[in-house]
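Visitor: Could you take me through this model and its ligand site? I would like the terms set out as we go.

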Amino acid sequence: MTSSPAQNFAAQLLAALAQAGAQRIFLAPGARSQSLAIAAGQLAEAEAVELVVRLDERGVGFAALGAALASGEPSVVITTSGTAVANLHPAVLEAHHSGVPMILLTADRPEELRGVGANQTTNQVGIFADAVRACVDVPAPTEQPASDLVANPEIADHIVELAAEAYALSIGLTSRNGATPRPGPVQLNLQFREPLSAVVPAADAFLSAANGEAVEARLAALAASATRQAAPNFALVDAAIPTVVVAGAESGPAAVELAESWGWPLLAEPSSGARFGGNAVLAYRPLLEQRPDLAQRIGRVVVFGKPTLSRAVIGLFKRLDIEVFVVRDSRLEDFNVGGRAQHVDEVSVSHEVDGEWLAEWLLADKQLRLAQPVDGELTRRELIEAVWEATGEEVLVLGASRLIREAEVWAPAKIASVFSNRGLAGIDGTIATALGIAQATGRKTRVLIGDLTALHDAGSLAANPLADTLPRPAAEPDVQIIVGNDHGGAIFAGLEPAKLLPKGQFERLFSTPQSVDFESLAKAYGWGFRRITDEDDLRRSLELEGRWLFEVVLER
Ligand SMILES: Cc1ncc(C[n+]2csc(CCOP(=O)(O)OP(=O)(O)O)c2C)c(N)n1
Ligand SMILES: [Mg+2]
């Protein structure tokens with residue numbers, strides 16, 4: 001039996017990770033990582049994990065991020081050495097800032113081949129700096145003949161330890177160096193020496209109950225030694241100060257509960273998970289700008305999640321006459337733009353709040369929305385309203401840029417699963433993120449993005465769940481990529497250079513108009529295509545099954 005210490009190690013490590021609870025693996029092909037690929041394939045054949053294989057590590061990273069974001073379970077990512085690792089960086093940064101669990105297995109050359117000009121070898125240790133909860137440089141495995149392991153498939157203690165710790169760090173159960181535990185990416189940089197692979201031992205041979213118990217026991221020990229959370233910090237605040245609740249990205253329903261308990265206006269971003277209920281003031285951004293009678297009276301803001309979308313909201317945190325309370329979120333860095341936030345775990349109020357304050361905001365909101373003409377043209381507002389109306393069980397993913405900001409004003413109050421990469425608000429990886437979310441939820445997923453955002457991640461159209469996923473999905477989730485095509489970055493029209501520069505220069509430097517044929521692009525990758533110019537067609541198209549790219553033609 002040909003023996004490969006690399007294979008022994010890979011089989012045990014992936015089995016231990018699966019038993020810890022990391023059951024979704026994303027792989028991009030490569031040579032140095034071959035033992036991990038073989039082990040992942042074996043676990044997928046045994047239906048112990050779901051395995052996705054795709055070419056482009058940047059897209060693989062974002063698909064893994066999307067799956068973990070939607071499921072809360074860590075995604076495992078496997079890459080070969082060199083630039084492959086660097087291609088994970090955008091998704092790693094997003095996962096770091098949004099608190100999304102990922103376990104990165106980056107294959108590397110053994111120590112003796114580093115720094116001597118060996119092929120595809122660079123310094124991968126520390127490449128993600130403080131964006132990872134830990135980076136462990138694991139020496140090349142050496143011992144254990146495969147025949148011993150085949151006869152007695154017990155996971156070695158040090159591998160149980162490594163897998164359990166990586167899992168615990170990724171979900172924020174523990175931390176290193178006294179840091180506050182927070183979910184996020186963890187990198188195991190795995191050195192492998194030749195022979196790089198074998199077909200034994202098979203990874204699924206390590207899925208015994210006894211090995212599962214060993215991993216569980218290690219996780220329990222880590223949980224027991226985790227630093228105790230400090231006692232919760234309550235704020236009891238004065239009811240007389242006019243207060244608004246701001247729900248940034250990833251707030252969740254706690255923001256709605258607080259606003260409704262005290263009768264406070266709720267200013268909830270479209271991907272907050274809190275834009276619903278009777279206290280939601282939808283068009284808060286234009287109201288903050290146009291109704292000083294309301295905006296100037298605000299004396300307190302209670303913040304959930306990570307608000308990023310509008311300058312008008314961010315401006316509140318900087319106003320010296322406003323007190324800012326930020327409700328802590330164990331997944332996110334403590335938000336403190338403006339530098340004056342008090343971080344608390346819960347807010348309650350001394351006595352009844354005057355209901356008139358909320359009533360004034362709701363009335364102003366209604367008036368503002370009614371005052372905007374709806375003329376039957378397919379504008380961004382109609383696009384957003386139609387997409388929200390069609391969203392029931394479906395999942396909606398929003399790209400960065402102009403459309404999410406229009407959604408901030410026009411999206412109705414509705415309970416819906418809406419995701420957006422607001423950790424760093426990049427326009428990269430959005431299609432891949434949506435595909436990862438579709439995969440993890442199994443639900444029809446629509447992604448609403450600008451034309452440049454779509455082109456930035458065009459390579460992710462190559463995904464084909466029926467071909468690249470094991471075990472084969474019973475049904476491929478429907479995915480609709482809705483591209484609002486205004487031929488360039490419309491968002492930049494609101495920037496200073498739009499007024500400072502002649503039109504030609506502004507376009508060349510900022511809005512970068514494009515004239516890509518989206519129909520050819522979609523077809524080249526095997527996606528259905530429709531160009532949509534009216535609302536009826538849009539509503540009908542949203543009901544279609546399968547994988548579609550819709551180009552919605554918008555005014556610039
Ligand atoms: C990776 C990355 N590069 C650059 C940016 C800066 N940026 C923000 S929006 C934008 C243009 C987006 O254009 P489009 O997708 O067409 O959206 P629109 O504003 O036109 O709706 C750019 C380049 C970014 N956020 N992320
Ligand atoms: Mg655009």
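Guide: A residue counts as near a molecule or strand if one of its heavy atoms lies within 4 Å of it. By that criterion, 16 residues surround ligand 1, and the closest are Ser-401, Asp-451, Thr-453, Gly-488 and Ala-490. This is a predicted model, in which local features need pLDDT of at least 70, side-chain atom pairs count only at pLDDT 80 or more, and totals for chains, interfaces and linings use all residues. Residues are numbered from 1 along each chain as its sequence is written, chains are lettered from A and ligands numbered from 1 in the order in which they are written, and side-chain values use heavy atoms, with hydrogens and water left out.

Visitor: How does the shell around ligand 1 divide into nonpolar, polar and charged residues?

Guide: It holds 6 nonpolar, 6 polar and 4 charged residues. Here Ala, Val, Leu, Ile, Met, Phe, Trp, Tyr, Cys and Pro count as nonpolar, Asp, Glu, Lys and Arg as charged, and the others, Gly among them, as polar.

Visitor: And which helix gives the largest share of that shell?

Guide: Helix H17 (residues 451-456) does, with 3 residues. Helices (H or I, at least four residues) and strands (E, at least two) are DSSP runs, numbered from the N terminus.

Visitor: Which backbone atom lies 2.8 Å from an oxygen atom of ligand 1?

Guide: A backbone N or O atom of Gly-488 does. An oxygen atom of the ligand is also 3.0 Å from a polar backbone atom of Leu-452, and one is 3.2 Å from a polar backbone atom of Arg-402. Taken alone, ligand 1 exposes 590 Å², of which the protein buries 76%; accessible areas come from the Shrake-Rupley method with a 1.4 Å probe.

Visitor: Changing topic, what is the strand order of the open sheet?

Guide: The order of its 7 strands is S5-S6-S4-S3-S1-S2-S17, with mixed pairing. Two strands pair if DSSP finds at least two bridges between them. Strands S5 (135-138) and S17 (469-470) are the edges, each pairing on one side only.

Visitor: In which sense do S1 and S3 pair?

Guide: Strand S1 (residues 24-27) and strand S3 (residues 75-79) pair in the parallel sense over 4 bridges. Arg-24 stands opposite Ser-75 in S3.

Visitor: Where is Pro-201, and is its peptide bond from Val-200 cis or trans?

Guide: Pro-201 lies in the loop between strand S6 (185-191) and helix H8 (209-225). The bond from Val-200 is cis, with omega near -5°. The bond from Leu-470 to Pro-471 is cis as well, with omega near -10°, and Pro-471 is placed in the loop between S17 and strand S18 (479-485).

Conventions. A polar contact is a pair of N or O atoms within 3.5 Å; within protein, one must be able to donate a hydrogen and the other to accept it, and residues adjacent in sequence count only if both atoms are side-chain atoms.
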